Amino acid sequence: MKRDDDFIRELLFEIEESNDPYLIADLVLSPSPEDLKRHMHAKWLSDAGLFLEENDGVFRLTNQGHDYLAAIRDDVIWSKTKAAASSAGGVGLGIMKDIAVAYVKQELSTRLGLQI
């Protein structure tokens, strides 16, 4: 299964918007393809040590996860981030966050004249 960065973004937004601070993505016998995809992407986010923290199949969004969502919330920033990652032949999640933050800083500099 390939990592799907758009699915990761959707999953993080889902967690953020939920009234429950936890995402249950426990792996059961014979999971549906969607459940398996959800579980694996949550595991990969946890493995990265950046955006989710896991405790027995229960995940919570970390502070860095909230920061990443703030950086990729805007659809234009997200499109630019994906395009930059793709032009590099693909990058890890940490670099995806760095690219998104760089575009946010660029946008703030352009709109507000802030040098960050």
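**Figure 1. Contacts of R3 in the predicted model.** In this predicted model, R3 makes contact with I8, H41, W44, V91, G92 and L93, when neighbours within four places in sequence are left aside. R3 itself is placed in the segment before helix 1, which spans residues 5–17. Its relative accessibility is 32%, so R3 counts as partly exposed, since the class lies between the limits of 20% and 50%. Among the contacts of R3 are H41 and W44, and the range of helix 2 is 33–48.

**Figure 2. The separation of R3 and E14.** R3 and E14 are eleven residues apart along the chain. Their C-alpha atoms are separated by 17 Å. R3 belongs to the segment that comes before helix 1 (5–17).

Figure 3. T81 is part of helix 4, which comprises residues 75–87. Is T81 buried or exposed? With a relative accessibility of 0%, T81 counts as buried, because the class requires a value under 20%. Not counting residues up to four places away in sequence, the residues touched by T81 are M96, I99, A100 and Y103.

**Figure 4. A nonpolar surface patch formed by M1, L27 and L36.** These three residues, M1, L27 and L36, make up a nonpolar patch on the surface. Together they have about 270 Å² of accessible area. L27 is located in the loop that runs between strand 1 (22–24) and helix 2 (33–48). At a relative accessibility of 40%, L27 counts as partly exposed.

**Figure 5. The protein as the setting of the close-up views.** The protein has five helices and three strands, and these elements follow the order α-β-α-β-β-α-α-α from the N terminus on. Taken along the principal axes, the box filled by the C-alpha atoms is roughly 55 × 30 × 20 Å. Considering contacts between residues at least 6 apart in sequence, 59% join residues at least 24 apart. The accessible surface amounts to about 7000 Å², and carbon and sulfur atoms account for 50% of this area. The protein carries 13 positive and 20 negative charges, whose mean positions lie 6 Å apart.

Definitions and conventions: Residues numbered from 1 in each chain as written. Predicted model: local features only at pLDDT ≥ 70, side-chain atom pairs only at ≥ 80, totals over all residues. Heavy atoms only, no water. Helix = DSSP H or I, 4+ residues; strand = E, 2+ residues; numbered from the N terminus. Contact = heavy atoms within 4.5 Å. Areas by Shrake-Rupley, 256 points an atom, 1.4 Å probe, with all protein chains shown as cover. Lys, Arg positive; Asp, Glu negative; His and termini not counted. Charge placed at Lys NZ, Arg CZ, Asp CG, Glu CD. Patch = residues over 30% accessible without salt bridge, like charges linked within 9 Å, V, L, I, M, F, W, Y side chains within 5 Å. Salt bridge = Lys/Arg side-chain N within 4 Å of Asp/Glu carboxyl O. Buried < 20%, exposed > 50% of the residue type's maximum accessible area, 1.4 Å probe, protein only.
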